[in-house]
Amino acid sequence: MREIDVNEVTALVSRLFQEANFLLPADVIESLQAALAREESPLGRDVLEALLKNAGIAARERVPLCQDTGLAAVFAEVGQEVHFSGGSFVAAVDRGVAAAQAEGYLRASVVSGACFERANTGDNTPAVLHTELVAGDRVNITVLPKGGGSENMSRLAMLKPADGVEGIINFVLETVGLAGANPCPPIFLGVGIGGTMDRAALLSKQALLRPAGSPSADGRLAQLEADLLEKVNALGIGPGGFGGTVTCLGVAIEEYPCHIASLPVAVNIQCNSARRAAGSL
Ligand code: SF4
C-alpha cells in the first residue's frame with residue numbers, strides 16, 4: 001500500500017487548473033494552425049489568427065485564455081493500492097480548485113443553489129469529480145475547465161436502436177446546427193454512445209480528453225468520427241460563427257455496451273478554448 005498525503009493532491013490540482021487556463025495544449029494549437037492553413041473564409045482566418053495570438057499572450061503573460069475560466073471537471077484514476085492520509089481526497093481536490101482560483105486570479109464561475117439561490121460560491125468549488133479505481137499505486141488526475149457557453153449547447157438523446165448510425169449522425173448534426181455560434185467555434189465534439197443516460201453523458205466528456213487528431217482505436221468508430229467531422233464542417237458555421245469551412249477541429253467517440261432496447265447518444269461540445277492538463281502522483 002502506498003501512502004499519499006492529500007496535500008499533494010491539492011497542490012497538483014491547483015497547478016493543473018492554472019496550467020490548463022494559461023496554456024492551450026500543443027495538440028489544440030496544432031489543430032488551430034492546421035485550420036488556419038485550410039480555412040477558406042477571410043473572416044474565418046482572422047478569427048483563427050486572433051485565437052492563436054491570444055493563446056501566445058496567455059502563455060507568455062500567464063493570464064487566462066478566456067474570461068470564462070470554466071467549471072472544474074476533474075477525472076481521477078486512483079490506484080487501488082493507494083491510501084490517502086491527512087483527510088478527505090474529495091475535499092483535497094476542492095481545496096486545489098479553490099487555490100487555483102485564488103492564485104491564478106481565475107474567475108469565480110460556480111453558483112450553489114442552482115435552482116433558486118444561485119449564489120456564487122466564490123472559489124469555483126465544488127469540482128465535478130469523476131473517480132475511477134484502477135490497478136496499481138499511482139494517482140492520475142486530468143482537469144478540464146469547462147466553459148459555460150459550450151457546455152450549455154451539449155445535448156443527450158435516448159435514441160431507439162432502429163435509429164442506428166444514421167440517427168446518431170442526424171442527432172450530432174442537429175446539435176451542432178442548433179448551437180450555431182454559441183459554443184465559440186471552431187469546436188471539438190465529444191460523443192458518448194451506449195451505456196445508460198448518465199454513462200453516455202460521461203463518455204462524451206471523457207472523449208474530450210483524447211488529444212486532438214487521435215482517432216478511436218476501433219476502425220469503424222474512427223471512420224464515423226471522420227464522417228461526422230466532414231459533415232459538421234459542411235454546415236458552414238465557421239470560426240466564430242462568421243461562416244467558413246472550419247467549424248469543428250475534431251470528433252472523438254467513446255462507446256459502451258447498452259440495453260437491447262436503448263441507444264443513448266450524448267454530445268458534449270468543447271469550445272476553441274479546449275483546455276485540459278494532466279499530472280500524476
Ligand atoms: S465557450 Fe469557451 S471560448 Fe466561449 S466564452 Fe466559454 S470558455 Fe470562453
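These are my notebook entries on a predicted model.

**Entry 1: domains**

I began with the division of the protein. I found domain 1 (2–20 + 65–146) and domain 2 (149–276). Their centres, taken over C-alpha atoms, are separated by 25 Å. I then looked up the contacts between them. On the domain 1 side, 14 residues are in contact with 14 residues of domain 2.

**Entry 2: ligand shell**

Next I listed what surrounds the ligand. I noted Cys66, Gln67, Asp68, Gly147, Gly149, Ser150, Cys184, Cys271, Ser273 and Arg275. I sorted this shell by class and got 3 nonpolar, 5 polar and 2 charged residues.

Cys184 sits in the loop between α6 and β9. Its phi is positive, about 60°, although Cys184 is not a glycine. Cys184 counts as partly exposed, because its relative accessibility is 41%.

**Entry 3: largest pocket**

I moved on to the open space. The largest pocket holds about 380 Å³. I counted 19 lining residues, and those nearest the pocket's centre are Leu71, Ser109, Val110, Lys146 and Glu151. Which elements each supply at least two residues of this lining? I wrote down β2 (71–79), β4 (111–112), β6 (128–134) and α5 (148–151). By class, the pocket lining has 6 nonpolar, 7 polar and 6 charged residues. Both domains give residues to the lining of the largest pocket, so this pocket lies between domain 1 and domain 2.

**Entry 4: cavity**

Rolling a probe the size of a water molecule over the atoms shows where empty space is left. My search of the whole structure returned 1 cavity of 30 Å³ or more. The largest cavity has a volume of about 40 Å³. I listed its lining as Phe17, Asn21, Thr69, Gly70, Ala72, Val97, Ala100, Leu106 and Asn124. At least two of the lining residues come from α1 (6–22), and at least two from α4 (89–103). How many charged residues does the cavity lining have? I found no charged residues there, with 5 nonpolar and 4 polar.

I picked Thr247 and placed it in the loop between α8 (219–233) and β10 (248–258). Is Thr247 buried or exposed? Thr247 has a relative accessible area of 1%, so it is buried. I looked up its contacts, leaving aside neighbours within four places in sequence. Thr247 is in contact with Val176, Pro185, Pro186, Ile187, Val232, Asn233, Gly236, Ile237 and Gly238.

Ser85 came next. I placed Ser85 in strand β3 (residues 82–85). Its relative accessible area is 18%, so Ser85 counts as buried, the cut-off being under 20%. Not counting residues up to four places away in sequence, Ser85 touches Glu3, Ile4, Asp5 and Val6. I also took a C-alpha separation from Ser85 to Glu225. The two are 140 residues apart along the chain and separated by 43 Å.

Then I went to Leu178, in helix α6 (residues 164–179). Leu178 has a relative accessible area of 57%, so it is exposed. I computed its C-alpha to C-alpha distance to Met153. Leu178 and Met153 are 7.9 Å apart in space and 25 residues apart in sequence.

**Entry 5: backbone**

I finished with the backbone angles. I noted a cis peptide bond from Thr125 to Pro126, with omega near 0°. Pro126 falls in the loop between β5 (119–120) and β6.

The peptide bond from Pro185 to Pro186 is also on my list. This bond is cis, with omega near 10°. Pro186 has its place in the loop between α6 and β9 (187–195). I went back to the Thr247 contacts and found that they include Pro185 and Pro186.

Last, I checked Arg62. Its phi is near 50°, a positive value in a residue other than glycine. I placed Arg62 in the loop between α3 (42–61) and β2.

Key. Residues numbered from 1 in each chain as written. Predicted model: local features only at pLDDT ≥ 70, side-chain atom pairs only at ≥ 80, totals over all residues. Heavy atoms only, no water. Near = heavy atom within 4 Å. Nonpolar A, V, L, I, M, F, W, Y, C, P; charged D, E, K, R; others polar. Helix = DSSP H or I, 4+ residues; strand = E, 2+ residues; numbered from the N terminus. Buried < 20%, exposed > 50% of the residue type's maximum accessible area, 1.4 Å probe, protein only. Contact = heavy atoms within 4.5 Å. 1 Å grid on protein atoms, 1.4 Å probe; cavity = no way out; pocket = protein on both sides within 12 Å on 5 of 7 lines; lining within 4 Å. Points joined across faces, edges and corners; volume = space filled by probe spheres on them. Domains from an automatic or database assignment.
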